Amino acid sequence: MDAILAAMSPTFLLALCTTIQNANVPKVETLRGAHFEVVAHFDGRKLAEEALVAAEAVAIPLTPIFGPVELARRGAVITEPRMPIHLFWNPAEFAEEAQRSPPTNYASEFAFTSATTRAAYVLITPASVGNALGATGLPVHTKLAVARQAAELWAHRASPLAARWPYWFLEGGATYAAEEACIAKGFIQSRLEYPASSSLHLRTKQLLAASGLPNLFAFVDGFPGGLTNDERRAVASQLFRFLKEPAHAKVIETVAYAARVTKQDDVAEAVSRVLRSVVGDAQAQGRLEASFDTWLRGQVPAWEELHGALWPVGDTWIQAAVSVNAIAWRADVSALERYEITGETAFFPAEHRQSNVLLARTEHTFVAVAFVADHGVDVLEFDARRPESERWKKLGESPIEAVKEGRFIPFKIVANGKAIEVWIDDKPVLSLADCGTALAGGWGLGVYQGSCCAWRNLGFKALP
């Protein structure tokens with residue numbers, strides 16, 4: 001982890017005052033590619049171009065899974081309608097479209113595909129990122145959502161059976177293709193280092209550690225039981241990626257072919273039967289399950305993102321929050337009594353402007369070092385066991401004029417048992433001899449609700 005964080009060099013230029021012109025603008029941008037058309041319901045051609053790149057990139061990983069999509073041509077001219085993806089900035093317009101165009105069962109809160117309109121709809125979120133888009137471009141989580149919806153549109157254009165494909169195959173295949181598309185285009189450098197994808201894997205790994213995963217073949221049959229929607233999606237995505245490993249190439253190729261060509265009315269049952277047949281008898285099926293568990297344990301996800309969104313832009317991390325605080329914990333750290341965290345943070349114009357370095361994670365509590373624009377530095381303790389109005393307790397504060405919008409603010413945090421020191425611009429600004437709790441534990445990044453902030457040059461190291 002230290003090597004990854006140390007490699008972040010300060011080359012990202014933060015354009016703090018660039019905004020997207022989205023309010024009260026009727027302009028609609030329509031861009032067309034080889035397979036998809038992106039309709040941006042705001043004045044933002046650059047963002048539409050980035051969305052179209054993400055959508056078109058699913059063609060390579062999807063073709064061998066869901067089958068090819070060939071649009072009719074007359075010479076070099078495409079004569080068949082392309083698959084439409086509508087990109088929204090206004091949440092009310094997105095919600096209205098969701099009312100008019102019933103989503104499929106694979107809808108998420110900010111993205112869905114409608115079988116009625118044969119189109120996809122994606123909302124750029126959260127609102128706090130608005131003034132950052134000129135500097136960051138389309139957020140990676142939005143590109144991933146566009147690619148995920150493009151994959152579902154592709155499935156339905158490629159096969160008339162797609163609506164009856166088993167959940168794990170369609171959801172897992174679409175998520176896999178979206179991740180691979182974003183990796184191929186350089187939006188994501190590593191699936192296990194990108195917070196949203198890393199968290200999907202970790203959620204499955206946590207299920208395995210806590211109570212064991214549902215029987216793999218019961219899950220394939222569609223009867224896993226006891227899983228939330230998020231857990232079901234997480235297991236489907238990791239199962240599909242596991243089956244895409246070279247050792248299981250024959251399995252996934254045979255299953256994908258069966259899904260595309262079976263004539264049975266019950267496609268899910270036919271696919272399940274083919275999967276069992278190609279895997280083998282009960283002993284072989286048990287070995288596959290054990291291999292899946294081993295594969296899950298062997299992967300090392302770097303982040304656990306609980307709220308909001310954290311994504312890379314070059315050598316910088318951007319983090320944005322909606323109506324609750326954004327929280328992303330490093331998932332690959334061990335508890336240390338003495339350590340140092342260094343980095344720089346900056347604020348984009350937004351409703352609120354506060355970034356948080358999170359420390360001392362336990363089941364119910366953590367400590368936050370908060371950098372607040374036009375105020376300074378606070379050290380706060382959060383305890384979920386207290387009444388809601390009392391969950392945050394201020395342990396110390398230091399007003400500092402240098403903590404303001406328009407610059408990257410260098411910081412250093414030194415933890416030693418229960419003591420903490422905070423430095424800004426190489427100067428000590430706040431020191432607490434006893435925070436009332438041991439500061440050993442996981443660390444992470446957060447921003448206050450309605451904020452959008454940037455991080456760079458992050459470093460974490462043990463102290464002697």
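Helices H8 and H13 cross with a left-handed sense; that label applies if the near helix is turned anticlockwise from the far one by less than a right angle, and right-handed if clockwise. This is a predicted model, where local features need pLDDT of at least 70, side-chain atom pairs count only at pLDDT 80 or more, and totals for chains, interfaces and linings use all residues. Residues are numbered from 1 along each chain as its sequence is written, and side-chain values use heavy atoms, with hydrogens and water left out.

H8 covers residues 195-210, and its axis comes within 10 Å of that of H13, crossing at roughly 120°. Axes are lines fitted to C-alpha atoms, for helices over the stretch in contact, with angles running from 0 to 180 degrees between N-to-C directions. H8 and H13 are therefore oblique: under 35 degrees would be roughly parallel, over 145 roughly antiparallel, 65 to 115 roughly perpendicular, and the rest is oblique. Helices (H or I, at least four residues) and strands (E, at least two) are DSSP runs, numbered from the N terminus. His201, Thr204, Lys205 and Leu208 of H8 meet Asp293, Trp295, Leu296 and Arg297 of H13. Contact here means heavy atoms within 4.5 Å.

Next, the aromatic rings. The whole structure holds 24 aromatic pairs. Rings of Phe, Tyr and Trp (its six-membered ring) pair if their centres lie within 6.5 Å; planes under 30 degrees apart are stacked, over 60 edge-to-face, the rest tilted. Trp165 and Phe169 are edge-to-face, at 5.2 Å centre to centre and 80° between the planes. Trp165 is buried because its relative accessibility is 3%, and Phe169 is buried at 0%. Buried means under 20% relative accessible area, exposed over 50%, partly exposed in between (1.4 Å probe, protein chains only).

Why is the pair Phe292 and Trp295 stacked? The ring centres are 6.3 Å apart and the planes lie at 20°, so Phe292 and Trp295 count as stacked. Phe292 and Trp295 sit three residues apart in H13 (residues 282-298), about one helical turn. Both Phe292 and Trp295 are buried.

Phe66, Trp165, Trp168, Phe169, Tyr176 and Phe240 form one aromatic cluster.

Charges also meet rings. The charged end of Lys143 sits over the ring of Phe187, 3.9 Å from its centre. Arg330 places its charged end over the ring of Trp303, 4.5 Å from the centre. The criterion is NZ of Lys or CZ of Arg within 6 Å of the ring centre and within 35 degrees of the ring normal.
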